Amino acid sequence: MTGCYFRILNLPLALQSTYEHIFLAFLAYAKDLDENLQHTLSQTVIKQLKALESKGITLIVNGCEHHFPVVLFNVVADNLGLHGIYGYKRYFAGGKVCRMCLIPYDQLKVATRVPPNMLRNTVSYNDIIQSGDAERIRQAGLREDSALNKLIHFNVQDNPSVDMMHDLRKLFYKFIFFHYSFTV
Amino acid sequence: MLQRFLCPACNHVDLTLQRHRSHVLNTHCDMFHNPPNRFKCKHCTNPKEMVYSMYSRHMRTCSTRNANPPMLQDSADISDNDYNINADDEPTNAAQDMDNEILLRDPSTDIRQVIDNVKELCDTFWINMLSQGIICKSTINEMCNNQRDLVLKTLQVLTYDDVKYQEATMYFKSKWKSSSTEYYRTKTLTESLTFVKPTKFGLNDRIQIEATNDRETIRQRTDCMAQIDIHQTLQTVLQNPDIFNSLQMPSTFYDSTNFNHPFAGTRGKELYEVYTVFRRFTRIISFCRKSEKITLLFNFIGMTMVLQILYKLQLLHSTK
């Protein structure tokens, strides 16, 4: 199953962490959604978010009318989910697999620092996507333009997100723990 | 016999420890400004934050509505510890003989509260059964009817006093009137103000062959996804005055040294700057065009709703 949930960052932190305040946006079978993911997103969630960005939301509380614009802050998911929704390729065993840099897979495990020219940025991302060259898009580790880029205040390359479980807990923290425990 | 938990502050009776804790947090604690495992009295100016046991003792002396409240009933089961309350914090002086007194003290209020709690439990049970999707509606209806009969039968413990019994029965009937059948239960749910109805969105069309002993039929099926309107959800949640008054705005974190919130990061500050500049510009334009827009636009300052999408993937083990 694929589920899309959202939470309101304006709520106090004590409320944000409870399940009652994480809201469902849609629910579908993953195999049904994967066939045309970006189109489906643009017709459902993105359409609603665009309306919220431009028109905002009007609340009537205690007889007073309040109006707020609503903006997407970030997207959180596992690596496969993020690559799917951001329009990157969904294959992690070769090529350019990182969402933040252009270092190839075989050099990622030995590289200790990222040269500035190897970092991805919005200009190069847009340039590659708008060229329409399928081979160039594939070489850059991309697959298609993300529907999220249709939003006014959100671009997938400007708002990278990490997979808390795979990137940090199972990889980075483990590396830090073993590295420093053996060094000490 | 059912366990009951009595609030030391207001004599509110709950049937489960979880509901009792929810009642304490929602009614007597300043939840929006305190971590959930600490309690702060809402009825006095004492700023001290307390653990549950201290809070319970404090309420006996603080609350003027309950001069000599009975002790709470002990519960060994702390598996539903939603608020990080340790077993050591639980009240240990159980008073089993208070069970009857709770029911007998003030029938007009206590019995109604018990019936309200039972009704809430029954409604939660019904929604849980419906959401599983593996039990047919007629079976769920039978189970709900059975629950209703059991509650009605339980009320017969009050037959020693006809007046109380009649009053409790009448209240029971009024509560169950709107949920006597599956149709009424669904209607009550959909008409409630907090309900946001999911809608279908067609994804793919596919051809499915259905074979019987006599013939094969080709049918066109549409795979759908369920979506819930984000705008409607936001309106439903945020129009609650308590939640609305507790909202935190990006302007609070713009020059703050408090870094434990996403608004304190670069993205939060950028969004705040974009909207502040945009709003100032819009206000000037609006002032030139139509003066009455000023009041409404003035309310925008420093207030931006921000959403964070959680996109989760997981495998479904199909039962087919």
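Reader: Which hand does the crossing of H5(B) and H6(B) have?
Author: The crossing of those two helices, H5(B) and H6(B), is right-handed. Bear in mind that this is a predicted model.

Reader: Thanks! And at what angle do helix H5 and helix H6 of chain B pack?
Author: The angle is about 165 degrees, and the axes lie 10 Å apart. H5 covers residues 137-154 of chain B, and H6 covers residues 162-176.

Reader: So how are H5(B) and H6(B) oriented to each other?
Author: Roughly antiparallel, because an angle over 145 degrees counts as that.

Reader: Nice. Which residues meet there, H5(B) against H6(B)?
Author: From H5(B) you have Arg148(B), Val151(B) and Leu152(B). Their partners in H6(B) are Thr169(B), Phe172(B) and Trp176(B). Sorted by class, this contact between H5(B) and H6(B) has four nonpolar residues, one polar and one charged.

Reader: Why would residues three or four places apart point the same way?
Author: Because an α-helix has 3.6 residues a turn.

Reader: Switching topic: what about helix H4 of chain A and helix H8 of chain B, at what angle do they pack?
Author: H4 (residues 45-55) of chain A packs on H8 (residues 230-238) of chain B at about 55 degrees, with 9 Å between the axes. That angle makes H4(A) oblique to H8(B).

Reader: And which residues of H4(A) and H8(B) meet?
Author: H4(A) brings Val45(A), Gln48(A), Leu49(A) and Leu52(A), while H8(B) brings Ile230(B), His231(B) and Leu234(B). By class, the contact of H4(A) with H8(B) has five nonpolar and two polar residues, with no charged ones.

Reader: Staying with chain A, how many of the eight residues of helix H5 are buried?
Author: Seven of the eight, so H5 (residues 79-86) of chain A is largely enclosed by the rest of the structure. The buried ones are Asn79(A), Gly81(A), Leu82(A), His83(A), Gly84(A), Ile85(A) and Tyr86(A).

Reader: What comes just after H5(A)?
Author: Gly87(A), which has a positive phi of about 85 degrees.

Reader: Last one, zooming out: how many helices and strands does chain B have?
Author: Chain B has twelve helices and seven strands. Of its 320 residues, 37% count as buried. Chain B exposes about 19600 Å², and carbon and sulfur atoms supply 53% of that area. As for contacts in chain B with a separation of 6 or more, 47% are between residues 24 or more positions apart.

Methods
Residues numbered from 1 in each chain as written. Chains lettered and ligands numbered in written order. Predicted model: local features only at pLDDT ≥ 70, side-chain atom pairs only at ≥ 80, totals over all residues. Heavy atoms only, no water. Helix = DSSP H or I, 4+ residues; strand = E, 2+ residues; numbered from the N terminus. Buried < 20%, exposed > 50% of the residue type's maximum accessible area, 1.4 Å probe, protein only. Contact = heavy atoms within 4.5 Å. Areas by Shrake-Rupley, 256 points an atom, 1.4 Å probe, with all protein chains shown as cover. Axes fitted to C-alpha atoms, helices over the stretch in contact; angles between N-to-C directions. Parallel < 35°, antiparallel > 145°, perpendicular 65-115°, else oblique. Left-handed = near helix turned anticlockwise from the far one by under 90°. Nonpolar A, V, L, I, M, F, W, Y, C, P; charged D, E, K, R; others polar.
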